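Let us read a fold feature by feature.

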Amino acid sequence: MKLIYSIAFALLCSLNTMAQQKVQGIVKDKFGTPISGIKVSKVGEIRHNSLTDANGVFFLELEDGDYIELNYADKMRKRVKVNKKEMNITLDIATDATVDLGIVKRTEQNITQSVTNIQSELLEKASTSTNDVSNALYGLLSGVYAKQNTGWDAQATLTVRGSGSGEPLILVDGFPRDMKDLTLEAIESVQVLKDGAATALWGARGANGVILIKTKRGAYNSFDIDINYRHGFNFPINRPRMADAHTYALAKNEALRNDGLSDLQYDAEELELFKNGKSPYVYPNTNWIKESMRNVAENNQFNIIIRGGGKRMRYMTILDYQNEFGLLNDDYAHYSDRYNSQIRNYSLGLRTNLDIDVTTSTQFSFNLYGNLAEEKSPNGDINKIFDNFYQVPSAAFPVKGVNGNWGGNSVFRMNPIADYADLGYIQDNTRTLVADARLTQDLSMFLKGLSAEIAIAYDNSAVFRDIGSKTYMYEQSYISDGNLVTKQEGTNSSLAISSSGLDSQYIRTGIEGRLNYEYAANQHQVWASAIYHQEKEEPLGINTAHYRQNVMGMAGYNFDNRYMVDIAANYYGTSVLLKDDKFRFYPAISMGWNISEESFLNGKPNLDLLKLRFSWGKSALDNIDYGLGNHYWGGGGGSYPFGNGLVTSNGMLESVLPVYNLNLETSSKYNVGVDLRMWKNFTASVEYYYDYRFDILKKNNKVSGIFGITPPASNIGEYKTQGVELNVGWNQQIKDFNYYINANWSWNKNEIIEDGQAYQPYDYLYTKGHRIDQIFGLEAIGYFKDETDIAKSPEQTFSQVRPGDIKYKDQNNDKKIDEKDYIAIGKSSTIPDMLLGINLGANYKGFGVDLTFNGIYGLSKMLSVSGVHQPLRNDRTSVSMWYLEDKIRWTEQTKETANMPRLSTLSNENNYQPSTQWLADGSFFKLRNINIHYTFPQKWTKKIGMEKLQIYAKALNVFSIDDIQNFNCEDIKLGYPDEFSLYLGVNIKF
């Protein structure tokens with residue numbers, strides 16, 4: 001019997017030995033060039049791995065039916081089934097780019113969720129900003145509306161798939177972080193998670209979509225140095241032209257006549273003095289915009305990237321320095337000997353990413369980012385300072401008076417230039433430290449396919465502020481009895497420097513643990529993960545901290561790369577919910593069918609991929625205030641006599657009632673998509689999505705006022721959104737000529753189902769059934785011709801009207817124009833109906849050009865800028881030439897052709913109600929980026945030790961086709977101006 005057992009055991013060992021075979025593989029790129037430094041691991045047993053050598057060759061002991069996974073710098077992944085001893089594998093960024101859901105990694109072939117991504121190669125060419133990630137994404141990602149905001153250091157507002165509840169969650173290397181801490185050259189990929197199956201992974205933070213940004217990592221057995229320098233020029237554009245002193249004086253007189261005031265401010269002699277400039281101190285003609293601003297500002301950026309690795313360690317380090325200077329006139333910014341009030345930013349950042357194979361089964365990753373930044377600016381709000389340049393009339397006063405003091409008067413009591421030159425400065429010093437670490441352990445020695453991970457993160461950023469404060473003296477000159485008289489106001493104090501210490505701070509911490517299982521053999525691939533995650537955010541202030549905790553399970557199955565299913569169950573808690581009711585459940589499911597792998601299509605030479613996807617999932621938002629469930633009492637309850645002395649005591653008044661059964665705004669998302677790849681060069685995808693929002697916290701205005709107390713907010717809001725997204729792309733190499741074109745188009749329709757609006761006497765006043773942020777206003781039907789016209793028209797209740805004021809339609813026929821005559825006009829003010837993005841480029845023998853276009857359609861704006869659309873209002877603003885020349889204002893001579901109301905020096909609330917008079921189409925088509933570059937031939941650069949030498953010129957915010965004059969059509973306001981930017985740069989790689 002022992003002999004039989006011995007023979008059987010020997011045969012079993014022999015079979016195992018026969019089943020195991022030494023597999024050799026060669027990995028190349030799409031051009032046939034071997035790729036070194038690729039880690040090749042057996043799926044489910046990462047301790048069994050190998051690295052490709054300089055010839056792209058690897059060796060592994062494997063069995064037929066095993067799966068191997070190739071990983072290149074966490075940038076490209078490919079899973080291949082072993083079916084022979086020698087394997088030739090091609091890695092292509094177009095098909096094998098890593099798609100990271102934050103919990104699990106996928107590729108184009110096996111992902112079942114809706115994710116849009118852009119890799120570093122295209123991002124660096126097509127980005128629409130050089131140093132700000134949020135402003136670099138215009139038109140590059142389908143379903144993402146990036147609204148440009150103007151202003152110093154302004155960030156774009158990002159919206160995913162028409163969400164009406166705010167911006168998406170931003171994560172950098174797996175943890176919530178700010179985009180402002182990123183350098184474009186450090187980014188490997190930007191990925192947008194859009195459907196319910198992807199956003200459910202982020203529970204009560206995912207309903208508005210999730211943007212995952214991965215920074216670059218090193219590669220095994222490599223060493224690269226990448227040096228980038230660029231010098232930029234910023235030119236102010238889209239600035240309204242304001243009236244000169246003589247034109248302003250004429251307009252002022254006209255407005256006074258229109259207001260029924262017989263005493264005009266300026267007589268003929270004074271008008272002539274404004275015109276000839278013979279009395280500049282009393283009758284000045286100050287071009288505040290020209291005096292206050294320079295025509296160009298400059299900036300610099302330099303970074304050096306060191307990237308590589310050996311056999312057991314990978315690294316990426318980037319040192320980045322940036323500076324940027326504002327548009328204030330340096331002649332005045334240097335007015336004081338003690339400080340410079342020019343707007344300036346300086347930033348020095350260092351990022352290091354390390355990946356260490358501690359053993360064949362233990363991997364350790366560590367990311368560290370530190371930044372030192374300094375911002376200097378005048379002692380005041382930057383946008384308000386620039387706004388003043390447009391509000392103070394040219395005729396008000398000179399920059400400096402006859403005695404050398406700043407000019408001023410009793411109306412404005414300030415000088416736009418002195419307000420940045422002579423009020424002191426603000427200096428902010430920001431210190432930022434961001435760190436995270438992850439340890440991954442292969443446990444397949446205990447159970448094949450088992451592994452575990454633990455990760456921690458700690459972020460700390462603090463701003464320390466110093467303020468230099470002073471006041472200045474101004475003077476007003478006027479003529480009295482034929483003599484020049486000067487009146488001085490204010491005091492010219494010395495500079496007082498104070499340190500407010502810690503002005504703002506945030507601390508974020510996070511911890512995550514995972515237990516993973518993965519099995520892959522023959523036609524079957526199975527994976528599962530159990531995840532515990534908690535995080536804490538603590539900004540400076542009271543009731544600002546957030547604590548979150550969740551437990552999640554995920555599992556997936558893939559049969560023969562044809563049929564795929566992923567499920568997730570997320571039990572997520574957040575501190576803003578009520579006591580003992582902190583957690584909610586967010587499930588998700590997604591499925592994919594690779595139709596191109598079916599026998600009836602497999603082998604078709606022109607079809608590379610045809611996949612159908614479906615998903616559903618729930619997620620939510622916890623962006624609500626603390627204390628909603630508390631019962632508050634406050635002052636205002638009146639007073640009453642108390643005690644023998646009848647001493648008066650103040651009473652308490654019950655405040656807003658507490659919320660019971662508080663919920664979070666919850667999203668239930670459905671998604672159907674089709675992915676197509678043909679002819680090796682063509683890609684396309686089309687998706688339909690439906691997003692139902694419910695439990696939106698709204699002020700409950702349906703409770704009658706007879707209740708006698710402010711009712712609590714309620715989770716009664718409901719929205720629905722649906723839309724279609726289309727992506728197409730073509731990329732082709734023809735000998736020395738390469739070209740590409742990518743386009744994305746999105747259509748969105750949303751509707752308010754319920755928003756807690758109070759009872760309305762007329763159906764047209766309800767917001768229900770309309771778009772989110774639908775504009776409501778009056779319907780303008782012309783201008784009053786004369787007093788008879790006014791008498792015959794419905795009563796205007798907003799202010800007294802005169803001929804030339806706007807006439808409105810009486811919607812309810814009650815002979816009165818008031819808020820009950822508001823109707824839906826235009827479209828949404830925040831969510832466009834359509835988005836369009838196009839990026840294209842070509843390269844021939846080193847010469848290249850890239851262009852990025854972006855457009856939207858179906859968005860409405862209201863024109864309401866003081867001094868431009870509302871000139872002379874309250875006699876405290878200037879008047880724009882747009883109003884005086886580009887438009888036809890109402891006068892007795894133009895009453896039949898006018899398209900603007902009369903000039904007035906009064907508040908005139910009637911004319912400035914939201915109405916079709918001021919409604920503008922916010923649609924546009926913009927050329928966001930032109931990038932022209934030349935890469936010197938390698939036969940030249942290698943002689944001087946360089947792998948690459950490229951020079952380039954990049955223009956940003958180049959032109960816009962739109963219907964809005966004098967402003968950036970996306971952000972209609974004064975303040976720091978919109979800019980056209982030009983950059984000259986060089987890139988050197990060793």
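The dialogue below goes through helices, strands and one arginine in a predicted model.

Q: How are two packed helices described?

A: By the angle between their axes and the distance between the axes. Here, take helix H5 (residues 245-258) and helix H6 (residues 268-276). Their axes come within 8 Å and cross at roughly 155°.

Q: What does that angle make H5 relative to H6, roughly parallel or roughly antiparallel?

A: H5 is roughly antiparallel to H6, because angles over 145 degrees count as such.

Q: Which residues make the contact?

A: H5 contributes Ala 245, His 246, Ala 249, Leu 250 and Asn 253. From H6 come Leu 271, Phe 274 and Lys 275. By class, five are nonpolar, two polar and one charged.

Q: How do I judge how covered a helix is?

A: In helix H9 (residues 382-391), eight of 10 residues are buried, so the helix is mostly covered, with buried meaning under 20% relative accessible area. The buried residues include Ile 382, Ile 385, Phe 386, Phe 389 and Tyr 390. Asp 387, Asn 388 and Gln 391 are buried too.

Q: What do the buried residues of H9 pack against?

A: Three elements: helix H7 (288-292), strand E21 (362-378) and helix H10 (418-421).

Q: What should I look for at the start of H9?

A: Look at Asp 381. One of its side-chain oxygens reaches to within 3.2 Å of the backbone nitrogen of Asn 383.

Q: Now strands. How do side chains point in a regular one?

A: In a regular strand they alternate between the two faces of the sheet.

Q: How many bridges join E5 to E6?

A: Six, between antiparallel strands, with E5 covering residues 67-72. Tyr 72 has Met 76 of E6 as its bridge partner.

Q: How many residues lie between the strands in the hairpin of E34 and E35?

A: Four. Within this hairpin, Gly 643 takes a positive phi near 80°. Strand E34 (residues 639-642) and strand E35 (residues 647-650) are antiparallel, paired over four bridges. Pro 641 has Thr 648 of E35 as its bridge partner.

Q: Last, a single residue. Is Arg 205 buried or exposed?

A: Its relative accessibility is 14%, so Arg 205 counts as buried. The residue is in the loop between helix H4 (196-199) and strand E16 (210-215).

Q: What does Arg 205 touch?

A: Leaving out residues up to four places away in sequence, its neighbours include Leu 169, Pro 176, Glu 537, Arg 548 and Tyr 572. Ala 620, Leu 621 and Asp 622 are also touched. With Glu 535, the side chain of Arg 205 makes a polar contact of 2.5 Å, side chain to side chain.

Definitions and conventions. Residues numbered from 1 in each chain as written. Predicted model: local features only at pLDDT ≥ 70, side-chain atom pairs only at ≥ 80, totals over all residues. Heavy atoms only, no water. Pairing = 2+ DSSP bridges. Helix = DSSP H or I, 4+ residues; strand = E, 2+ residues; numbered from the N terminus. Axes fitted to C-alpha atoms, helices over the stretch in contact; angles between N-to-C directions. Parallel < 35°, antiparallel > 145°, perpendicular 65-115°, else oblique. Contact = heavy atoms within 4.5 Å. Nonpolar A, V, L, I, M, F, W, Y, C, P; charged D, E, K, R; others polar. Buried < 20%, exposed > 50% of the residue type's maximum accessible area, 1.4 Å probe, protein only. Polar contact = N/O pair within 3.5 Å; in protein donor to acceptor, adjacent residues only side chain to side chain.
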